[in-house]
Amino acid sequence: MTHDFQAWSEIDNGTVPVDDGELFYESAGSGPAVVLLHDGMLDQHMWDEQFAWLVNSGLRVVRYDFRGHGLSSTVTGDWANHDDLVTLLDALDIPSAVLVGLSHGARVALDTALAHPDRVTALFLASPGISGRAFTDPFLLEHIRQQVAALDAPDGVERFVEHFLRMWVDGPHRTPSVMHPGFRERMRASASANVEVHADGAGAGMPLEVGAFDRLGEIRVPTTVLDGDLDSSDISANAHAIALAVPGARRIRVPAAGHMVNLENTPLFDHELHAFLSALAL
């Protein structure tokens, strides 16, 4: 516990200006840089379980809120997450970093590795999204349809968030009743806060992306991808595509876990991340 307190007590936080906005970040530790990239509709606190032990592993650990999330600026127009990330790295004087991303965070990590290859040391991708690939899983498509329709309802925010939880917390193979209520409530609170705080940014702009799906073979850094065996077929297909196309990539299936693998099977996730970072000889 002393180590955890030490790590948490030395956190630097602040904001970095980006085009028409700012990014809120936290950074701690010294040594090779690791950047944690959160899922869409959540924020950097989804990495609370990993942040302290990574710092105590002798690393400089950075986590931040994407534009339109958490304490960062609301979206005002088109933007590129991969360029925002490089702006943050520049401001923190980080030449290159290992990117650890889950879902939308993995999507941003892949785009950054393609758009700014000199800034990325390695990729550790969980439950990956990939720009340039549309969803095809009927379970996801139906919830997305209902999610969009919910926006006009009086209880629209609540219903919008519930569809998010059904897709990305419960997943296609579980009902809400079998989920740990504390875990589900933590995800609900985070997503609800984002929707409410950044409501003005809905429809204000589009993320400019790289179209990574057709370019995965260009990636030349050590890459590991994890996916839960209770996640949607689209996410397992993405993990398979990355393992197939990225030279030397390794895929790990996480048992008894849905989309949020770092929180559902934390011991396995942390073990694999530690092993991956150790093997890099940073």
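## Reading the model

Mentor: By class, the lining of the largest pocket divides into 21 nonpolar, 15 polar and 5 charged residues. Nonpolar covers Ala, Val, Leu, Ile, Met, Phe, Trp, Tyr, Cys and Pro, charged covers Asp, Glu, Lys and Arg, and the others, Gly among them, are polar. This is a predicted model, in which local features need pLDDT of at least 70 and side-chain atom pairs count only at pLDDT 80 or more, while totals for chains, interfaces and linings use all residues. Residues are numbered from 1 along each chain as its sequence is written, and side-chain values use heavy atoms, with hydrogens and water left out.

Trainee: How much space lies in the largest pocket, and which residues lie nearest its centre?

Mentor: On a 1 Å grid over the protein atoms alone, a pocket is an open set of points with protein on both sides within 12 Å along at least five of seven lines, a cavity is a set where a 1.4 Å probe fits but cannot get out, and lining residues have an atom within 4 Å of a point. Points are joined across faces, edges and corners, and volume is the space filled by probe spheres set on them. Here the largest pocket holds about 1,500 Å³. Its lining has 41 residues, and Gly40, Met41, His69, Gln147 and Phe160 lie nearest the centre.

Trainee: Which helix gives the most to that lining?

Mentor: Helices are DSSP runs of H or I with at least four residues, strands are runs of E with at least two, and both are numbered from the N terminus. H6 gives the most to the lining of the largest pocket, with 6 residues. H4, H5, H6 and helix H7 (181-197) each supply at least two.

Trainee: How many residues of H6 are buried?

Mentor: Buried means under 20% relative accessible area, exposed over 50%, and partly exposed in between (1.4 Å probe, protein chains only). In H6, 11 of 15 residues are buried, so the helix counts as mostly covered. Phe160, Phe164 and Trp168 are among them. The buried residues of H6 pack against H5, H7, H8 and H9, where contact means heavy atoms within 4.5 Å. H6 reaches 20 Å from its first C-alpha to its last, close to the 21 Å expected at 1.5 Å a residue; the expected span is 1.5 Å times one less than the number of residues. Just after H6, Gly171 takes a positive phi of about 80°.

Trainee: Is Asn81 buried or exposed?

Mentor: Asn81, in helix H3 (residues 81-91), counts as buried because its relative accessibility is 7%. Leaving out residues up to four places away in sequence, Asn81 touches Tyr64, Phe66, Arg67, His104, Val108 and Pro207.

Trainee: Which residues other than glycine have a positive phi?

Mentor: Asp93 is one of them, with phi of about 60°, and Ala256 is another, with phi near 55°. Asp93 sits in the loop between H3 and strand S5 (97-102), and Ala256 in the loop between S8 and helix H9 (261-264). Asp93 counts as exposed at 66% relative accessibility, and Ala256 is exposed at 57%.
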